[in-house]
Amino acid sequence: MKKKTLIITAIAAIIVLIASYFWGSGFYKRTDVALSDYSVSEDGTEITFEAHVMSSMGYIRGFKNYGSGVKAHYLTFFSTFGGLNS
């Protein structure tokens, strides 16, 4: 009985570690992103841009803009959730 409980606990711990990795991978900052094209709306309130990952693996989940208006736009991009090539 003790051996079975120990095995179940070990399996549960491994599953928790793997799930934490997949969930936590979405908070990594991407440093290999390039902006290829952008456009500004006619009234100047909206900027649309195309961003691409320069490495062979991974995608962009989202970004955070530090600055706006008359300030420069400093963009930080984040990886998707789910690991290396998700």
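Student: Is Phe 63 buried, partly exposed or exposed?
Tutor: In this predicted model, Phe 63 has a relative accessible area of 43%, so Phe 63 is partly exposed, given that buried means under 20% and exposed means over 50%.

Student: And what about Phe 77, buried or exposed?
Tutor: Phe 77 counts as buried, because its relative accessibility is 7% and the cut-off for buried is under 20%.

Student: How do the rings of Phe 63 and Phe 77 pair up, stacked or tilted?
Tutor: Phe 63 and Phe 77 form a tilted aromatic pair, with 6.0 Å from centre to centre and 45° between the planes.

Student: Where do those two sit along the chain?
Tutor: Phe 63 lies in strand β4, which covers residues 60-66, and Phe 77 lies in strand β5, so their pair ties together parts that are 14 residues apart in sequence.

Student: New topic: how many aromatic pairs are there in the whole structure?
Tutor: A search of the whole structure finds three aromatic pairs. One of them joins Phe 49 and Phe 77, whose ring centres are 6.3 Å apart and whose planes stand at 85°, so this pair is edge-to-face.

Student: Which strands does that pair tie together?
Tutor: Phe 49 is in strand β3 (residues 47-53) and Phe 77 is in strand β5 (residues 74-79), so the linked parts are 28 residues apart in sequence.

Student: Which residues do the ring pairs link into a cluster?
Tutor: Phe 49, Phe 63 and Phe 77 are linked into a cluster by ring pairs, and Phe 49 counts as partly exposed, at 25% relative accessibility.

Key:
Residues numbered from 1 in each chain as written. Predicted model: local features only at pLDDT ≥ 70, side-chain atom pairs only at ≥ 80, totals over all residues. Heavy atoms only, no water. Phe/Tyr/Trp six-rings, centres within 6.5 Å; stacked < 30°, edge-to-face > 60°. Helix = DSSP H or I, 4+ residues; strand = E, 2+ residues; numbered from the N terminus. Buried < 20%, exposed > 50% of the residue type's maximum accessible area, 1.4 Å probe, protein only.
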